[in-house]
Protein chains: 2
Amino acid sequence: MTECSITFWPQNKTVRVKKGSSLLEAAYKANITINNVCGGDGICGRCKMIVKSGNISGEVSGRLTREEIKGGYVLACSTFAVSDLDIEIPKETWASEKVVADEDAVRFRNLKLIPYRKNYAPSPLVRKVYLKLDPPSLANNTADHERVCDEIRRRLNVNSMQMGLKIIKALPQVLRENDYCITATVGLRRDIAEIMTIEGGDTSDTNYMAVVDMGTTTIVAHLVDANTLNTVDAEACFNSQWVYGREVTARMIAAEKRGCEDLQRHLVEDINQLIRNLARANKINLKDINAVVAAGNTAMGHFLLGLPIENIRRRPYVPTSVEPPPLRAAEVGIQINPRGLLYSLPGISGWVGSDITAGILATEIYEKDEICLLVDIGTNGEIVMGNKDWLVACSASAGPALEGASVECGMRAETGAIESVYTKNGTIYFDTIGSGKAKGLCGSGIIDLVSVLLEQKIINRSGKFNENGSDRIQTVDGIKRFVLVDKNDSATKASVFINETDIENVIVAKAAIFAAMKIILERLNLKFSDIRHLYIAGAFGNYLDIEHAINIGLIPDLPRDRIEFVGNTSIAGAKIAAFYQEAFYKIAEIRKNTTHYDLMGADDYIEEFQKAMFLPHTDIEQFHTTGV
Amino acid sequence: MTECSITFWPQNKTVRVKKGSSLLEAAYKANITINNVCGGDGICGRCKMIVKSGNISGEVSGRLTREEIKGGYVLACSTFAVSDLDIEIPKETWASEKVVADEDAVRFRNLKLIPYRKNYAPSPLVRKVYLKLDPPSLANNTADHERVCDEIRRRLNVNSMQMGLKIIKALPQVLRENDYCITATVGLRRDIAEIMTIEGGDTSDTNYMAVVDMGTTTIVAHLVDANTLNTVDAEACFNSQWVYGREVTARMIAAEKRGCEDLQRHLVEDINQLIRNLARANKINLKDINAVVAAGNTAMGHFLLGLPIENIRRRPYVPTSVEPPPLRAAEVGIQINPRGLLYSLPGISGWVGSDITAGILATEIYEKDEICLLVDIGTNGEIVMGNKDWLVACSASAGPALEGASVECGMRAETGAIESVYTKNGTIYFDTIGSGKAKGLCGSGIIDLVSVLLEQKIINRSGKFNENGSDRIQTVDGIKRFVLVDKNDSATKASVFINETDIENVIVAKAAIFAAMKIILERLNLKFSDIRHLYIAGAFGNYLDIEHAINIGLIPDLPRDRIEFVGNTSIAGAKIAAFYQEAFYKIAEIRKNTTHYDLMGADDYIEEFQKAMFLPHTDIEQFHTTGV
C-alpha cells in the first residue's frame, strides 16, 4: 500500500497516511482537532481546508461557495490524498484557538471514523431498479407480473419474489401508460424480495432510508441515500418516553400498568418528528423514504413494535422477540412510503440489544484475532468482549448522566453544549459546540468537568467538594455546586454548574460500567492487559477526552494506543446493515454466536460496583498512569 | 412385484392385479362398472363389495353399518388386495342391471384413478405442528418468538420464517397460559414458512384444505384432510358467472364494461358456498380450513383475484399474472381461517391455465419417455402434447355443450342426470346417476346420445334428423328434437330430449377440439399414431364411453389400449400440489417448460375445424374402426 506525506499548516505537522485516506483522518492522526459535527459524513461543511499543493480525489461539496472552490477549499472528510500534500487549515476550521494551541489537551480526542463502505458490492435493504421492458409480442406474451418479476430476478440476482395484490392489479395500466418503462422498489424480507411499489418512468434516483438509533435517553436519525450510500443529514432528540421514567425499568413498569401503546406512541412520534425534519430540511418527499433501519436496546425494540415487555425484567428475563421480522413501517405508525419497510436489527437478549450487535458489526470485533472490548456508554452501559472465536456481552444499568441527562445542567450534544472542559496553567477553559455561548453540559463535557475538578482538587475521590476548593463553589438549597459559567455569560441567562448530586450520578454511572468490565474479565480469567483493542462507543458527539475518562475511572488505564473512541456504533452498524444485505445477515449470525452474561446473577457485582464508587477507584494502582 | 388373482362374483370374472391394488381398480380392470360417484375417494360409500375369501388391507369405512362390516362388506375404493381374493359384488353396487349385463356397452368406461399419494414424504402447503417447548430458564432465556421459530425450523426443516406482528404480540400470553405447549399453523409462501396462527394446546389434528377447480361452467371443491391426505367430501355447482355469458370471452367483455368486481364476487361466493356446504356436512369449523388451493383456466384465475383481464383477449394476449403469489384468502373474500392462504396454481398463458398444468402434473406426462396427448374437455378444450423433453399446449374454444350446458336438457353430472345411453338389440337404453327417474342429460350422456342417434341413423353425418328416422322425433317451434324420456317418465314431468341446435353445439365443440389436435400434430410433424398415451380428462363424472366419443369424432380412433379416461385432472393435480410442496414447485417448473401454441394465429385452423364439422369427420378413413 502506497503512503503519502501530508503536511498541515500553520501547525507544520507532517503525517504519513495510506494513499486514499481522507484529510480528516490525516488531521486526526496529526492530533489536530478540527471543527466537525457530522462525524465525517460531509454534511456539516465545517471541516474546510485549503489544498496548497499535491493531488487529491473526491467530489466537490455543495457546502462550499464558488469562491471557496476557486481558492482551493475542500471538505476534509470527503477529500482523499492521491499524492503528498501541503494543506492549510484556515482559522475557522480550528476547533478553537486554545485547543489547537494546546496539543496536550486534545491528544486523545481521537475519534476513529467507522467506515460505512465495505469492499463488497452495495446492496441496500431496499433497492430501486429502473426496468426498460420489452413490450409484449406474439412471440413473447409473458404475463405482466411474470415479465416484471423475471427482469427483477435477473437484475438483482434474487430467487424468490413477492408482490402484493394491489400492485399486481395496477401493473397492466402502469406498464402500458409508460411504454413498459417502470421503476420497481424492492425490499428484502427474510429471503424474499418484496416488490413494494411500481412507478412509471425512471424514479430510481430517489431512494432514501432512515437509520435510527433508539437510545433510552437520545434518539438519533440519519437520512441516507440508498443509491450513493451517503449520509444526507442527521438529527437527534431526547426520547420523549422520558416522562415515564429515566431508566428503562421504570418505563417497563409504566407499560405494564397502562399498556405499551402510550410508550410506543411517544417513541414512534419522536422518530416521525426526526424523519419529518430531515425530509423537510433536505427537500425530500416522505414517500421516497423506503425503509427505516432501527437499532436500540431491547426494551426500545419492544416499544417500537408494541411488543409485551413484562417478562424482560422478571427472571428468567425473556423478551418477546430479539429478531423480529421486517414489517411494514406503517404497521407501527411510522410515516414514510406507505409500503416502506421497518427493519429491526437483531439483538441478543432482554438486556443486550441491537445497538450492541450493530456495534460488534461496526467495530468488526467478530473478525479480530486479538481480544477486543467494546464499551457502549449510554443509559445502559453495554460491554462486549471477544474476538472471531467467541463473544460475551453484558449490560449494566448506568443511568443517563453520561448522556447529559440526570445532571441538572445536562443537555444533548448540540449547539451551545459544553463538549469539552480542560485546564491550561491552572485555568479552566471550555469549548461549546458551535463556539457560541454555553447553554449546558453534554456527556463529554460532564466527564471532562468531573475530571478537571478532581485534578484541581476541587472535589475529592468521593466526589464531594473540598472545603475552600474553589471560589466558584456555591451552596443552593443545601447542595454544593461548582459554577462553570456565570449566568451573565451563558446563552440562557442561567448559570451552568455541576452539583454533588450530579457528580454522584456520574460516579454511579461509571462505577456500574467499570464493575461490569471487571466481572466479565474475571469470569473469563482475563486481565485488562489482555485487551488489545478497547473501543469506546457512545453518543458523545465527536469528542471524548480519553484521558479524562480514565481519570474518573470510566475506562481502564490501558496503553493509549490500544484505546479508540469510535462514536455512535449503533448508528454506524445499522448503516452498514442498511447498505449491505450480507452485513444484515451477518448481524443475525453475530446474535447467535454471542453469549449473554447476566450481571444480575453475579453475586460479586455489587462488591465491584462499590469498589468503583471512587474517583477513579479504591484500587488506585489500577490507574497509575493518570495524573490524579 | 407380486400379483394377486381376484375373482368377482356373480360375474365369475378373474383378473390379475398388483398386490396392493384396490378392489375398485380390479373391478375396472375386469370391465365391471360399479356404483361410484366420488371417484374413489371413499366418500360416497356406493362401491360396497363382500370379501368371501382371502386377505385384504385398508381402513374400515364409517360409511358401512356394523351389520355390513360383520358380513364382510368393504368399500372397494379403500380396500386393497393382499392375497388372491374371491369378491362378491352385491346387487346394489352394480351401476345398473342392464349395464352390468351388457359387457360391450361398458367396455371402455375405464376411468383411470389418478393416485393422489406420491412416494415422497407428505408436506402439505399448510401444516400444523404441535410444539412442547421447554419453559425458559436462566440457562435458556431465548426470546419467545425465537424459541418458537427455532423449534419449528428444526421440526419442519425450513430456513426462512415469517410471523405477523399480531401473532408475535400474542405469543407471551399464549405460551405462558398453556405451559409452552402450543400448535403452530405454518403455511408456505414462496420460500418462506409463514406462521399463520398459534393456538394453545394440541389442535394439530384439525387441519383441512379446500381444493377447487374453477371451470367456466362448473366449479368443483374437494375438502381434504391435510394430516391424512384423505378427501373428506366433494361438491360441485354451476359457475354463477353464467349470467354474464356462457363463454369466457363474454365474461371478459362484461368485466371490462362493469369492472371485474361483480364477476369476482360471483366466483368467490360460489366457492364460499361450496366450502360452507362441505364444512357443514362434515361438521368442520371454517376456521380449521387453512388453505384454498385453486386451479382453473387463466380467466377464472384472474376473476378470483380481481386482476385486470382486458389484455388476454387482445393481441398479443397478455394476462396480468399466470403465477400469482400465495395470498391471504380473506383478501379476495374467501371465508376460511381468517389468516388462511389462497394458493393459485401457476398456469401457462392467457388461454392455457393452471387446470392444464395440474393435468400435466397429475398424468405425469412431464416424466414420460413416449409422446403423450392430454385432452381436457371443458368449455375450453385444452390440449397438451409432449413428454419429458418437451411440452406444447393450446386451447380451443369449444363451448359448454360437453359439460351438459348450452344443451336444452343438459345438466351437471348429479343425481337424475342421464350419464349413459346405449343400445341393445336395437333398443335405446339409458342409466341415470342414482338410478332414479331422469332429470336431464349430463356431458357423457349427451356424447352417448349423439353417438347412438348416429349409429341408429336417426341423425345423419351433419347432425340433422333423417326423415322418418324414429317415431320419437318431434318438431317444436320449428326445431326437430329426439325425445329420449317421455314427460310422464321423467323426474321433472318434462320430457328429456336433444334437438338439432343442441346437436350442432355438440358438433362445434368436438370439431374445435379435434381440429386443435390436428393442428398441433401437423406443426410437430406427427401423426395420431405417434401418440402412445391419450389421456381424456374432463368433468364428466366417472363415465365416458370412449367408443362413443370416437364415434362422434371427439377423440381420434387410436388403439383402445392407448386411451385412458382420467377424470378431473385439474382437481387431481391441485390435490397433489396441495399435499406435496415438491409437486407445487414442480408446477412452476412445468409452466416454464411448456410452450403455448396460439391457435388464433394458425391460418389452417378454420379449415381443420370445418372438416371436423361432420360426424365423425369428413375424412371418414380416420375413423375406420368405428361402427358408424
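**Close-up views of a predicted two-chain model**

**View 1. The copies meet through the same surface, because 100% of the interface residues of chain A are also interface residues in chain B.** This is a predicted model, in which local features need pLDDT of at least 70, side-chain atom pairs count only at pLDDT 80 or more, and totals for chains, interfaces and linings use all residues. Residues are numbered from 1 along each chain as its sequence is written, while chains are lettered from A and ligands numbered from 1 in the order in which they are written. Chain A brings 40 residues to the contact and chain B brings 41 residues (in contact: C-beta atoms, placed from the backbone, within 7 Å). On the side of chain A that touches chain B, α6(A) gives the most, with 5 residues (helices are DSSP runs of H or I, at least four residues, and strands of E, at least two, numbered from the N terminus).

**View 2. Here is how chain A superposes on chain B.** A rotation of 180 degrees with 0.0 Å of shift along its axis does it, with RMSD 0.2 Å (least squares on C-alpha atoms of residues with pLDDT of at least 70 in both). That is the relation of a two-fold axis.

**View 3. Helix α12 of chain B covers residues 500-523.** Of its 24 residues, 17 are buried (20 or more other C-beta atoms within 10 Å of the residue's own, with C-beta atoms placed from the backbone). Just after α12(B), look for B:N525, which takes a positive phi of about 55 degrees.

Note on methods:
Two residues are in contact if their C-beta atoms, placed from the backbone, lie within 7 Å. The expected span of a helix is 1.5 Å times one less than its number of residues. A residue is buried if 20 or more other C-beta atoms lie within 10 Å of its own, exposed if 12 or fewer, and partly exposed in between; C-beta atoms are placed from the backbone.
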